[in-house]
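Me: I have just opened this one and would like a careful walk through it. Could you take my questions as they come?

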Amino acid sequence: MLGIIFGVASVITMLSIGEGAKREAIAKYQDLGVNNIIIRDKKMTDEELEEVRAKFSQGLSQEDASVIKEIVPGVVRTASQSEISSEAKYSDKSAKSMVIGITPDYVEMLNYKTARGKFITEDQYQKELKVCVLGAGVAATLFRSEDPIGKMVKIEDQWMEVVGVLKSKTLFTETVGELAARDLNMDVYVPLTTFLGRFSHENQLASEIQQITIQVDGSDKLEEASKVIDEILKRHHYNNEDYSIVVPYELLQQEEKERQIYNFLLGAIAAISLLVGGIGIMNIMLATVMERTREIGIRRAIGARKSDIMSQFVTEAVAISITGGIIGVVLGVTLSLTVTLFTDITTFIQPYSIFIAFGFSVLVGISFGYLPAKNAANLKPIDSIRYE
Amino acid sequence: MDINKIENNPNSHSGIGDHSLIEIKSLSKDYVMGEVEVLALKDINLQIHRNEYVAIMGPSGSGKSTFMNILGCLDTPTTGEYIFNGMDVSSLSDDALSAMRNKEIGFIFQNFNLLPRLNALQNVELPLVYSGIKSEERRERALRALDRVGLSDRIHHKSSEMSGGQRQRVAIARALVTNPGILLADEPTGALDSKTGDEIMVLFDELHKEGNTIILITHEQEIANYAHRTIHIKDGMIHSDNANHQRK
């Protein structure tokens, strides 16, 4: 029975870990935008930058973005952003943050929700107003419990009015392609027009734009769009590869594929466990049949048919496997919850996995109980009664 | 008990034919053991009528066990006929033989052969379970059978909690519960002391008077003397077949 318990428990635990990982991945990619293509300005050393500039590439620019929006099929929106690493200050407090100049389409394309106030508007963008929206972490650090809206925050040497505070975002703990991991809650957003007018990159050779985010109107358009984008940028950048194109959806799918191999492996392990468990039951039952030879003979003598004996023993085998199945389910669920509690591996228990695991245990009972039951039924009554 | 027997058995009204309960014609049984062919029974002819009380005696190797197995539908003859209550059972299917054993044969064994994990009531109910009888009727009939053998106060006891004599009574109750055509007892007192053995044989006498047909297999003359007819088997053939005048 131990094999069944272990087999069922591992099926459930594996499935829940797998499902947890899947959901986590989807959430992560949903943040980046499932229908988005992200073009990043490549991080380069000063020497590499000089070389690329010498070969005529200016790096990512707003012009790239507008050409893409015009030409690439299926594009719904584009948003450009420029970034510098800086500090935001308020009274005596300061917070290290990434200051990001963005175009208004930004908020439509990503899952950014405001906890207070509003995000950058088209109007503010057009008028190059000195406004900013704080990430949740920045607001907490600078303002504690005070309401940040309307207050003035100093960035570099500029005073910006706070018009919005973002809701807290899950930490971006992994590097996705070229998108470096960072704490998004420490970002500060300003209109790109304001940014380009007021802030400047430390390195004079830096590109105008660090990231262009493109949204297409369906994940089926992603492949073609990214090809065309690559063509456009190749031309604009004179064949310099100073950019990288990240398609979160493709990465998600790749991860999905890897996970499938992983799942298959785990499934194989679970299947083997169940098989071992089944063989265990069969051996127990065979021994049981031997021990109860006389009992079987007696039952046959008083009128049990072969089918009566068969169903008796198959039922007993199923009872064993169902008991193992129930214990296995309890163990599997407990194990999944424990894993989530003590590690940062998320698990998600789906009801159907419990049914599957349980169903398998019943199947195992019937299959592996069949042979012993048949042996029992075929014993000759005369011989069995005399068996000691 | 006897009223039930008569009601349930359509052939039991006297006067309808005079056919016997058991008719054995030219019955032979041989089997192969290793490389040897054993002729266990050779051309047996026999009739046993309703309500007879017959003892079958013989030394070991005489074929009496084989004969008992065939009488009890645990085995089938190689040639010849075994006609029970007008029906030829010599070539029945396994399921049909099981049904015969269930309904017409009441076995009583030397070492009782009760199921140790069941109590007395459950043991007695078991043949009715295989008959497909519903649980209320099962319980009722089992209780009556146990009452008949005087064990109403022991119905929830298991084998291990009873004496040899009590166990044999439970076995007898189990044999009676299906209203069988014959009670087939194989050395019923073999595992009992002589006093308890006598009590059991007295019980058999009562059951005989109530209308049951009893076939007794034994090697002990004192036990055979309880029967009204003794058949001796030797070397696979009937050696003698005599009425026991002391019992008529």
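**Strands, helices and the chain contact**

Reply: In this predicted model, strand 1 (residues 22-33) of chain B and strand 4 (residues 79-84) of chain B run antiparallel and are joined by five bridges. Strands pair here if DSSP finds at least two bridges between them, and helices (H or I, at least four residues) and strands (E, at least two) are DSSP runs, numbered from the N terminus.

Me: Which residue stands opposite B:Glu23 in strand 4 of chain B?
Reply: B:Glu23 has B:Ile83 of strand 4 of chain B opposite it, and B:Ile83 also stands opposite B:Asp88 in strand 5 of chain B. Strand 4 and strand 5 (residues 87-88) of chain B run antiparallel, joined by two bridges, and in their hairpin, with two residues between the strands, B:Asn85 takes a positive phi near 55°.

Me: How are residues and chains labelled, and what gets counted?
Reply: Residues are numbered from 1 along each chain as its sequence is written, while chains are lettered from A and ligands numbered from 1 in the order in which they are written. Because this is a predicted model, local features need pLDDT of at least 70 and side-chain atom pairs count only at pLDDT 80 or more, whereas totals for chains, interfaces and linings use all residues.

Me: In what order do the six strands of the open sheet in chain B come?
Reply: The order in that sheet of chain B is 6-7-8-3-9-10, with mixed pairing. Strand 6 (105-108) and strand 10 (237-243) of chain B stand at the edges and have a single partner strand each, so one side of each is left without a neighbour in the sheet.

Me: How many bridges join strand 6 to strand 7 in chain B?
Reply: Four bridges join strand 6 of chain B to strand 7 (residues 182-186) of chain B, and the two run parallel; B:Ile105 has B:Ile182 as its bridge partner in strand 7 of chain B. Helix 6 (residues 164-176) of chain B packs on the sheet and touches both of these strands, its direction making about 170° with that of strand 6 of chain B, where axes are lines fitted to C-alpha atoms, for helices over the stretch in contact, and angles run from 0 to 180 degrees between N-to-C directions.

Me: Switching topic, how many residues of helix 2 of chain B are buried?
Reply: Six of the eight residues of helix 2 (residues 64-71) of chain B are buried, including B:Phe67, B:Met68 and B:Leu71. A residue is buried if 20 or more other C-beta atoms lie within 10 Å of its own, exposed if 12 or fewer, and partly exposed in between, with C-beta atoms placed from the backbone.

Me: And where does chain A meet chain B?
Reply: The contact involves 13 residues of chain A and 16 residues of chain B. Helix 10 (293-301), helix 11 (306-342) and helix 13 (381-386) of chain A each supply at least two residues of the side that touches chain B, and helix 10 of chain A gives the most, with four residues.

Note on methods
Contact = placed C-beta atoms within 7 Å.
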